[in-house]
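Biologist: I would like to learn how to read a few features of a protein model. Please start with the general idea each time, then turn to the case at hand.

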Amino acid sequence: MQTSALGLGCMGMSDLYGPADENESIATIHAALDAGVTLLDTGDFYGMGHNEMLIAKALEGRERPQISVKFGGLRGPDGAWLGYDGRPIAVRNFVAYSLRRLRTDHIDVYRIARVDPEVPIEETVGAIADLVREGYVRHIGLSEVGAETIRRAHAVHPVSDLQIEYSLMSRGIEEEILPACRELGIGVTAYGVLSRGLLSGHWLPERELGAGDFRAHSPRFAGTNLERNLALVEALRTIADGKGVTVAQLAIAWVLGRGDDIVPLIGARRRDRLQEALGALDVSLTEADLAAIEAAVPAGSAAGDRYAPAQMAHLDSER
């Protein structure tokens, strides 16, 4: 599967980052498509279906881009997280609703958001493989899984893509997961490339987070962890200023430079943030730049885990 160099992650337009303006969200999707972005990423549980319907609305009268969908996350009517369901019968149910909400006859990449601990990954992937054979899905993806699970899934049906967090502050995939993907010819869509705003260069330490913003419960945004992480950002700012680019552009360009098989997902909800992110495509990093970036933000230097403990427990990639 070939995509644009950057993809647009649409989660924040519906959920988890606090209120978003729907008209601006749609305008941002339009601006991304007009700029040549061909990949939109969503999840059927983002806003309990709202994000898929938002994308469908944005695509009215436009040529359809590639759409990646995560499924399996269970939510209550109050938005509470209830776990994950990877049973084959559930896979078929989830895809039926996604196809209807997206107003499409197929999904380009379909993946369970987190491995269901009660269902072998072989059964979940086997169910998606059936959907591929039936024409409802084009490619099978995975999300936040470790190297062993990648191999087990790929043995059932070729996996096209792994979606996983990857940024200057989250480099855990480099030791085992990324090499496994490259051995098997599996691409990577990297989310969290700006570490949920920390690496944007726009985050202020006094910013208050509302109850609907999950970063209020994220260890990296808490207390002294936030102070230490923003100090890393200021070290990056010195490098960015020297190149005449923004901190966000530098951070995105770093991920872009990790390989042509890695596609960063930009979680922009506004056109100005999207345009800033797209500017990363024009940033070239020299060996001296890369050495300076490594010295400013060494691997493992981020303070705090990337999720709260309850969410970390769901990550097969962290085991």
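Biologist: Is Arg103 buried or exposed?

Modeller: First, this is a predicted model, where local features need pLDDT of at least 70, side-chain atom pairs count only at pLDDT 80 or more, and totals for chains, interfaces and linings use all residues. Residues are numbered from 1 along each chain as its sequence is written, and side-chain values use heavy atoms, leaving out hydrogens and water. Buried means under 20% relative accessible area, exposed over 50%, and partly exposed in between, with a 1.4 Å probe and protein chains only. Arg103 is exposed, because its relative accessible area is 55%.

Biologist: Which loop holds Arg103?

Modeller: Helices (H or I, at least four residues) and strands (E, at least two) are DSSP runs, numbered from the N terminus. Arg103 is in the loop between helix 3 (88–102) and strand 6.

Biologist: What is the phi of Arg103?

Modeller: Most residues other than glycine have a negative phi. Arg103 is not a glycine, yet its phi is positive, about 55 degrees. Arg196 also has a positive phi, of about 60 degrees, and lies in the loop between strand 9 and helix 7 (223–243). Arg196 is buried, since its relative accessible area is 9%.

Biologist: Which residues is Val159 in contact with, leaving aside its neighbours within four places in sequence?

Modeller: Contact means heavy atoms within 4.5 Å. With those neighbours left aside, Val159 touches Ile140, Gly141, Leu142, Ala153, His154 and Ile186. Gly141 is 18 residues from Val159 in sequence, but their C-alpha atoms are 5.7 Å apart in space. Val159 sits in the loop between helix 5 (147–156) and strand 8 (161–165) and is buried, with a relative accessible area of 4%.

Biologist: How many strands form the closed barrel?

Modeller: Two strands pair if DSSP finds at least two bridges between them. The closed barrel has eight strands, in the order 1-2-3-6-7-8-9-10, with parallel pairing. Strand 1 (residues 7–9) and strand 10 (residues 262–266) run parallel and are joined by two bridges. Leu8 has Ile266 as its bridge partner in strand 10.
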